[in-house]
Structures are given as C-alpha cells and as structure tokens.
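The sequence and structure come first, and the description follows.

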Amino acid sequence: MNLVPRRLQARRNPFTDLLDIQREVNDLFDFSLSRWLGRDEGLLDRSWAPSVDVLDSKDSLIVKADLPGLKKDDIEISIQDGMLVVRGEKKQETDKKEKGSIRSERFYGSFYRAVSLPSPVDESKARAAYKNGVLELTLPKREEAKPKQIKVDTD
Amino acid sequence: MTTVNRKLVSAEPGTLQAHLERDLVSPPVDVFESEREIVLEAEMPGVPKDGTRLSIEGDELTLSGEAAGTDVPSGYAAVYTERRPREYRRVFVLGAEVQRDKIRARYEDGVLQVTLPKAERAQPRRIPVE
C-alpha cells in the first residue's frame with residue numbers, strides 16, 4: 001500500500017492526501033474516533049488525535065506532535081511495518097479535585113495517532129524528545145533506504 | 001468570573017499583518033476555583049517559555065503565546081505539516097475579588113498555569129461564637 005510518495009513530488013494538495021492516509025489508517029484500527037470527522041486542527045477538533053508534522057531528509061525522518069501537558073511516561077511510541085504509532089493517556093492531576101472545576105476544555109483520556117512513514121527506519125537508532133508540549137522524534141533511515149548515487153560509466 | 005473570547009481583529013497597529021501570517025487560535029483552558037484562588041490552565045504546545053505573555057489591562061487578563069509551527073531544517077523537505085505557525089490568545093475578565101498584584105504564572109510542557117489569588121475579604125471567615 002503506497003500511502004505516501006517517497007520523494008516530495010510537485011506540490012500536490014497535501015490535505016486530500018492527509019485525509020486519505022488518515023482514513024486508510026483508521027480503517028485498519030477500529031478505535032480511532034477521528035475518522036468520523038473531517039481532518040482539521042488537532043487542538044480544535046473534539047476527537048483526541050494530536051497534530052503532526054512529518055519531515056524527510058536523505059538520512060532521517062523527523063516527526064513532531066503537539067501533546068501538551070503530559071509526562072514522558074504517558075507517551076507510548078512504536079513503529080511497525082512502516083507505521084509510526086503515538087498513543088497514550090492523559091490523566092487529570094488528582095490535586096485538582098480539591099478545587100472545584102468551573103470549566104474544562106482541555107482534552108483528557110486516550111489519544112492515538114498513526115502515521116505512515118515514507119521510508120523504512122532503523123528503530124534502534126530512533127530518538128525522542130519532549131519539549132514545550134511537543135514530542136519530537138528523529139528516525140534515522142535504514143541504510144538501504146537512503147538514496148544512492150548511481151554512477152554512469154562512460155566508455 | 002466571566003470568560004470573554006475576543007474575535008480576531010486586533011486593535012494594535014502593526015500586528016494585523018502578523019495575524020494574517022499566523023493562525024489565531026483559542027487555547028483550551030481549564031478553570032478551577034477554590035476558596036483561596038482561581039487557577040487557569042491553558043494548553044499552548046509549541047510555545048517556548050519566553051514566548052508566553054500575560055498582561056492585564058483594566059479588568060482584562062490576556063494570555064497569549066506564539067508558536068512558530070515547524071520550521072523545516074535545511075536538508076529536509078516537509079512530507080506534510082499540520083502544525084501551522086499560530087498565536088494562542090485568550091482574554092478573561094477578572095472579577096473584583098482577584099488580587100491583581102499577586103497573580104503568578106508557570107509554564108511547563110506546553111501548559112500555561114495562571115494562579116489568581118482571591119482577596120482576603122472574599123474568603124469566608126469563621127466567626128467564633130462565645
């Protein structure tokens with residue numbers, strides 16, 4: 001299933017690609033709510049799937065996700081069959097219960113986002129950082145996935 | 001305490017251009033109240049600590065923060081980006097019971113937490129009966 005072109009081609013509309021990817025991936029996993037809604041900004045839509053950026057260079061991929069207010073242990077990251085899955089649970093802090101809640105707009109509970117990776121990556125070299133509520137993953141590509149120069153022989 | 005959510009037009013000159021380039025986003029906010037204080041927690045992922053701003057003008061408390069979105073480092077191409085540059089902004093109207101000079105704020109992991117202590121006289125006082 002070729003979900004994402006390996007190299008960035010001439011600027012296509014990324015939004016329909018995104019909807020297609022999201023729909024296909026969510027059909028594989030039944031428990032994501034965001035397939036019932038159009039894809040829109042992670043903060044504003046009511047199903048709890050973080051907004052994500054995917055960047056590609058010849059050596060590695062960078063994936064960033066907006067996940068405010070979490071502890072590192074609340075985030076579970078896995079890669080399988082070319083799919084990156086970020087999931088976890090955002091818990092409400094218990095000391096808040098002493099105070100009365102007047103208004104609750106932040107999302108709590110389970111979150112889930114699956115991203116199709118445009119290249120195979122070496123999971124053992126993956127690095128993750130969490131700063132300012134943003135999860136940043138650096139995924140080095142497998143050697144065989146890096147673009148290779150092919151020398152042209154001249155006679 | 002009333003919550004006022006302002007629309008996109010900014011009265012400050014020179015910032016309209018900035019607003020056209022960035023999305024103006026209302027951050028989700030949780031509000032908690034106890035006898036002593038009111039606590040606001042606003043989610044603003046992607047804002048660096050020095051990008052958060054808290055200001056009071058008259059009765060209005062404005063929380064804001066600028067998030068750059070993803071700048072693409074050299075050598076990289078964007079496959080797709082959902083995290084656009086944005087400005088988070090939310091305005092609250094403070095009641096008279098808030099001690100404005102004692103307001104404090106903390107920013108951690110993309111969440112701006114603002115504590116608004118209430119004035120002494122607003123707290124219930126027990127009067128002992130002799």
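In this predicted model, a polar atom of the side chain of Asp30(B) lies 2.8 Å from the backbone nitrogen of Glu105(A), and the side chain of Asp30(B) also reaches the backbone nitrogen of Arg106(A), at 3.1 Å. The table sets these two distances side by side.

| Side chain | Backbone nitrogen | Distance |
|---|---|---|
| Asp30(B) | Glu105(A) | 2.8 Å |
| Asp30(B) | Arg106(A) | 3.1 Å |

Asp30(B) belongs to strand 3 of chain B, residues 29–33, where strands are DSSP runs of E with at least two residues, numbered from the N terminus. Although Asp30(B) is buried (under 20% relative accessible area, with a 1.4 Å probe and protein chains only), Asp30(B) has no salt bridge, and the nearest side chain of opposite charge, Arg106(A), is 4.3 Å away. A salt bridge here requires a side-chain nitrogen of Lys or Arg within 4 Å of a carboxyl oxygen of Asp or Glu. Leaving aside neighbours within four places in sequence, the residues in contact with Asp30(B) include Gln92(A), Tyr108(A) and Leu40(B), contact being heavy atoms within 4.5 Å.

Chain A holds an open sheet of 3 strands in the order 3-4-6, with antiparallel pairing. Its edge strands are strand 3 (75–80) and strand 6 (109–116), each pairing on one side only. Strand 3 and strand 4 (residues 83–90) of chain A pair over 6 bridges, and two strands count as paired if DSSP finds at least two bridges between them.

Residues are numbered from 1 along each chain as its sequence is written, and chains are lettered from A in the order in which they are written. Local features need pLDDT of at least 70, side-chain atom pairs count only at pLDDT 80 or more, and side-chain values use heavy atoms, without hydrogens and water.

Technical notes: Helix = DSSP H or I, 4+ residues; strand = E, 2+ residues; numbered from the N terminus. Buried < 20%, exposed > 50% of the residue type's maximum accessible area, 1.4 Å probe, protein only. Lys, Arg positive; Asp, Glu negative; His and termini not counted. Polar contact = N/O pair within 3.5 Å; in protein donor to acceptor, adjacent residues only side chain to side chain.
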